[in-house]
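Trainee: I am new to this structure and would like a close look at one part of it. Please take me through a sheet and whatever surrounds it, in one connected account.

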Amino acid sequence: MVKEGFDCDPIIEVRDLYVNFYTYAGVVKAIDGVSFTVCRGETYCLVGETGCGKTVTAKAITRLIPPPGRIERGEVIFYPEPGKPVNIGELSEEEIRRIRGKEISYIFQDPSSALDPLYTIGHHVSETMLAHGLVKSMKEGLREAVRVLKRVLMPDPEERVKSYPHELSGGMKQRGVIGISLSTKPKVLIADEPTTAVDVTIQAQLMQLLRDLKASEGLTLILITHNMGLVAEMCDRVAIMYAGRIVEEAPVLDIFKSPKHPYTRALLKAVINPLSKVNKLEPIPGTVPDLIRPPRGCRFHPRCPYFSDICLERPPEFRVGPRHKVACWLYKEEGWGRE
Amino acid sequence: MSKPAEELERLKLKSMFPGETPLVEVVRLKKYFPLRGLIFIKGYVKAVDDVSFIIPRGKTVGLVGESGSGKTTVGRLILRLVEPTSGKIYYDGVDITTLSGGSLKQFRRRAQIIFQDPYMSLNPRMTVFDIISEPVKVHGLKIGDIQGYVLNLLYQVGLNETHMFRYPHEFSGGQRQRIAIARALALNPEFMVLDEPTSMLDVSVQAQILNLLKELQGKYNLTYLFISHDLGVVRYMSDYIAVMYLGKIVEVGRSDDVFEKPLHPYTKALLSAIPIPDPEIARSRSRITIKGEPPSPINPPKGCRFNPRCPFSMSRCSLEEPPLVEVEKGHWTSCWLYS
Amino acid sequence: MSKAEESREEVYERKLLDRVVDVAINGVTWVLDRIRPGWRVRNEARIEEFRLTLYAFNRSPPGLLGVTLISMFMVLAVLGPYIAPFSYDMPLVLCDQNAYLAPPGAVITVREGSLCHQVYGIKPGNYTLILGADDYGRDLFSRVLYGARTSLVVAVIVMLVGPLIGILLGLIAGYRGGYIDEFLMRLTDVFIAFPGLILAIAFSAVLPDRLSGIIEGYPIVSSFFLTLFSLKPEHVGPLANLVSVIVALWIVWWPGYARLVRGMVLSARENVYVEAARAIGVPTHWILLRHILPNISGPILVFLTLDFGSVILVEASLSFLGLGAVPPIADWGRIVYDGAEYFPRAWWLVFFPGLMTLLVVLGFNLVGDTLRDVFDPRTRRRIEFKVKRRR
C-alpha cells in the first residue's frame, strides 16, 4: 500500500474493503474494493449519491455492519497513536466495543433515532461516559453532561440536561447527539449526513460548531454527505464514491477546480451554485446501477460519455496529482504509477 | 377586513412586479390551525399570518423558507386543499376562496400540484395509465382515444409506452415524479404548485426533473409557484422570489435582486448559511450566522418575528410589525431598517 | 409461448399447482379479452400481481390444505341435496326398525309394497347407512350433506350483508370524521360491549315471531329461502328461525368491520396520493372506492376469510342451543344437540357433524392465515423470493 505522500499522519487506513449483503433478492456487492487513508486532524469527506456505499463504508470502520451484511475482505487499521497500528478486524467484540464510542464516535442523520425517547439528554450523556469509564457514577455524569452541553452551545444547558428528546427541536437534538459523541473525547468523529434533517440556518450553526470543536479538540472528522456545498465548506480531502467504489480522491480544491473522473464532472455540473446565475443544469443520463448484477468493469460505464471497450475491465487508480487519484482509464497515460 | 381596505391592498399588490399581469393574487391570507386541548382550544398554530403577494402569468415565483415558515401551507391554500382562516385568493381575477361544488371542480382543472414525495403521491394500486387518465375521467373530458392521450403525456415527460400499464413501485423516484407531472398535465392546467418536487431525489436526477419542468413551462406557458428550502434550486427555477419566515413574507422581488442585493437580515443570513459548492468562495466569504432556534409559530415574538435572532434588531422591532414596503422597483421587504 | 410467458419461465420457479393457476388465469383472461378487447394489455400488471399472489399462496402447505377443505365443503354444500341418498327428514324407522339409532355401516331393507315404498317412493332393496342414523332413523350421511348446505347458505348471506354494512359505515366515518365518526364509534362501542353470542341469542329468540309474518306473507320470500336451503315447502315455519339467525348475525357482525375499516381509513386518508386525488377534483365516493378501499383491502380480505369460518361456528352454536335451525331442518349444530342425549351410545350423531364443522372452520382459518402472510408486505417478500428464481 503506497503511503499518501507528504504530511500525512494516518489515523485510519482502509485497505481493499469488500462488503456484501446477502438478501433474498441476491448478493448485493455494496462495497467493492475500497481503499483510502484518513490523516490525523483532517476533515475527510466521503461523497456520493444514494446507494453509493458511503454509509456502509463508514460503518465498516468499526464493524457496525449488521447481518445480512458481511465484511468479505479487507482490513481497517486504526492508529490511536502515531505508529501504533491496531487492526480492527483482529479485535475481539469486547475490544472493539471499547473503541466504538470512545476512540471513534458516530453521528447519524436522524438524531431522533439515536436518542431513546424514554431518557433525558443528560442521562444519555452520563450513560455514555459511565460506559466508557470516564465518570464513576451517573450523578457525576450528569454534572459532566451540563459541561458537555455547554461545549456544544446548547441554549440553557442546565435546563436542557433534564429535557427529553421530544422536547427538543431538530437542531438541539443534533447538538445533543454531537455532545454525546464528543463526551468521550474521541480521536475520530464520523458524521453521516448530520444535517440533512435540519434547516439550512441550523445546518450552518452545526457545521460551525463542528469546525470549532474540531479545532479545539484536535479531532479528525470523517464527513459523509451528498451535498457538494458542504463538501466545499468543510472538507480537506474528498473521496467521490459511486456504486460501491471510490472513483476519485483529491484535496477539495482539486476536486472542484480540476475534476477528472467523468462522474465527478457530471456531478459538479448537476449541482447548483446559488451565488451564480446558472443557466443550464446538466443532468446525468441513466440511473444508479443494481448492485446485485453490477456492470462489468467500471461501474459507471453505462452512463459515461467517454465509454470505450477497455472500460469493461475494472480501472485501477491512477495518480494524477500529488494527492489526486482517479479510477478511470482515461488517465492511463496521464497518470503516473498504479496503485 | 373591510371591503375597501381589501380592494386597496389588492390594488397595491397588482403592481408588485412592474410590467407583470398577475394570474394569482394572494391578499392578506391567514391560516391558523387550532390546537385542541381536552375540551377547549389551547391556542393556534399561526402557520400563515397575513401573507400577500402575486404570481405573474407565465412566470415562476419561488417561495423559500425553512421548516415552520408556512410556505407549504401557502401552496395548499392557493389550491384550496386547505381552507383559509381569512384573506382572499384571486385566480385570473376570480375570488376562489368562495368557490364550491362545480365551480371549484372547474378551478381544479386549471391549477395543479406536484408533491414532494414521489413515493407516496401515486396510488400504489393503480397503474400508470389509471393514474394519468383519472383526471380525464373525473372531469368527463371528451377524449376519443384515451390511451393515445395518455401515451402522448408520457412522451412529454420522457417516458414511453412500456411504462403505461405498470405499477408505480416498479419505478425510480425520478420516474415517479415524471408520472406525477404527466398526471398534472392531463387536464391542461395553466398553473402548477411545485411543492419541493426534487428534494427527495438524488442530485443527478434532480437536474433532469428541473429541466423537464422548465421545458414544459416554455412549451405550455405555465405559471409556477415553486416551493423549496433549497435556495440554489429556487434561483435556478424562479423569476421572482418570496422569502417567508414564521408565517410572514419578509422579502419579495426579482430573483437576481434578492440574491444579489438582499434587503432583509433574514434573507442575508439565509444566503450566507447556504453551503456554496466552491471551496474558495466558501472559505473566504463573510457569513452572518443567526443565533438561536426558530421560535414556535404558536407564540410568535411580538413585533417583527425575526427580531430575537436579528443581528440588526432595534427597539422598534420588538414593538411593531413592519409593513411590506417597496424599497426599489419590484423589490419589497418588511423590515424597520427600510421604513 | 408468448413473450410474457417466456420471461415468466425465466423468473419463476413453478410448481405443478402454479401451472394450474396459469391455466385458470389464462382462461379467464382470454374470455375477458374477447368481451372487452385490449383488457389484457391494460391489466397486464394487475394480472401478474395476482398470479404472483397465487404462486405465493401455493407455497404454503397449510394454505393449500385449507383450500382443499373449503372446496370439499363447497362441493358438498352445493351438490349435497342432489347426491344425498335420502331426504333430510326421512324417518327410516318406518321402513325398517333397524334404522333406529343405526350405527355407521348398518344395512336396512326396504320391502316391496311397504309404506316406504308406496308412500315415500323409496325403491325396494338394501341400503347401507354410511354414517348411521338418528332416533328417527334419519340417515346421518344425508343430513350431514343437507347440513352443509344450511351452513353455507347462512354463512354466505351473513357475510354478504353484515360486513358490507360495516365496511361502508367504517369508510364514511373514517373519512369524514367529526360527528358522524363520533356517533358511529359510540354505537359500535355499545354493540361490541355485548358478548357476540349473547346478542345473537337475544336476537335469534326475539326475531322469529316478527319474521314469520313476513316470510309466510310473501310467497316470493319463502320460496326463495326454501330453494336456497333445499327445503320442502311444508317446512316454511322453521324457516323463520333460520332467517332470524341470519338477521341476528348481521346485527352482531357489522360493528367489528366498521371499527376495523374506520381505523384503517384514518391512516389511509393521510396518504399523499389521497391529497393528490383531491387536488385533481376527485369526488369523495371515488376517493373512498378507488384510493382508500383498494389499499386497505388486504387485511379486510383476511378478516372476511377468517370470519366465514366463525360464522359457521356461531351458527352451529346457536343451533346447538336450540335457536336457529329447528327440526326437521338439517343443521350440524342441531344434529349434535339432538344427538347429545344418546351420547356416547350413538356417538356418530355427535362425532360426524362435529368433525365436519371442525374441518370446515379449520379450512377457512388456514386460508385466512395464509392470506395474511401473503398480503403482509414483510412476510410477502420472503415468500416472493422463494417463488422467483435466484440467478
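Mentor: Two strands are said to pair if DSSP finds at least two bridges between them. The model is a predicted one. With pairing defined in this way, chain A holds an open sheet of eight strands in the order 6-7-8-3-9-10-12-11, and the pairing is mixed. Its edges are strand 6 (104-107) and strand 11 (318-321) of chain A, each of which pairs on one side only. Direction ignored, neighbouring strands of this sheet are turned by 20° against each other on average.

Within the sheet, strand 7 (residues 188-192) and strand 8 (residues 220-225) of chain A pair in the parallel sense, over five bridges. One position in this pairing is A:V188, which has A:T220 of strand 8 of chain A opposite. Helix 7 (residues 170-182) of chain A packs on the sheet and touches strand 6 and strand 7 of chain A. The direction of helix 7 of chain A makes about 170° with that of strand 6 of chain A.

From the sheet we can go on to the neighbouring chain. In total, 38 residues of chain A are in contact with 33 residues of chain B. On the side of chain A that touches chain B, helix 7, helix 8 (200-217), helix 9 (228-234), helix 10 (252-257) and helix 11 (262-270) of chain A each supply at least two residues. Helix 8 of chain A gives the most, with six residues. By class, this side of chain A has 21 nonpolar, twelve polar and five charged residues.

Next, the partner chain. Chain B has eleven helices and twelve strands. Its radius of gyration is 21 Å, close to the 20 Å that the globule rule gives for 339 residues, so chain B is as compact as a globular protein of that length. The C-alpha trace of chain B spans about 65 × 55 × 50 Å along its principal axes. Of the 339 residues of chain B, 49% count as buried. Among contacts in chain B with a separation of 6 or more, 64% are between residues 24 or more positions apart.

One strand of chain B deserves attention. Five of the five residues of strand 7 (residues 191-195) of chain B are buried, so this strand is largely enclosed by the rest of the structure. Both of its faces are covered, with B:F191, B:V193 and B:D195 buried on one side and B:M192 and B:L194 on the other. Strand 7 of chain B pairs in the parallel sense with strand 6 (residues 111-114) of chain B, over four bridges, and B:L194 is the bridge partner of B:I114. With strand 8 (residues 223-228) of chain B, strand 7 of chain B also pairs in the parallel sense, over five bridges. There the bridge partner of B:V193 is B:L225.

The largest nonpolar core has 310 residues, and B:L225 is among the members that touch the most others, together with A:V231, A:V238, B:V243, C:V158, C:I246 and C:L249. Helix 11 (residues 236-268) of chain C supplies the largest share of this core, 19 residues. In soluble globular proteins, nonpolar side chains tend to be buried together. Back in chain A, A:V231 is in contact with A:C45, A:V47, A:T225, A:V238 and A:V252, leaving aside neighbours within four places in sequence.

Methods: Residues numbered from 1 in each chain as written. Chains lettered and ligands numbered in written order. Predicted model: local features only at pLDDT ≥ 70, side-chain atom pairs only at ≥ 80, totals over all residues. Axes fitted to C-alpha atoms, helices over the stretch in contact; angles between N-to-C directions. Contact = placed C-beta atoms within 7 Å. Nonpolar A, V, L, I, M, F, W, Y, C, P; charged D, E, K, R; others polar. Rg over C-alpha atoms; globule rule 2.2 N^0.38 Å. Buried ≥ 20, exposed ≤ 12 C-beta atoms within 10 Å, placed from the backbone. Core = buried A, V, L, I, M, F, W, Y, C linked by C-beta atoms within 7 Å.
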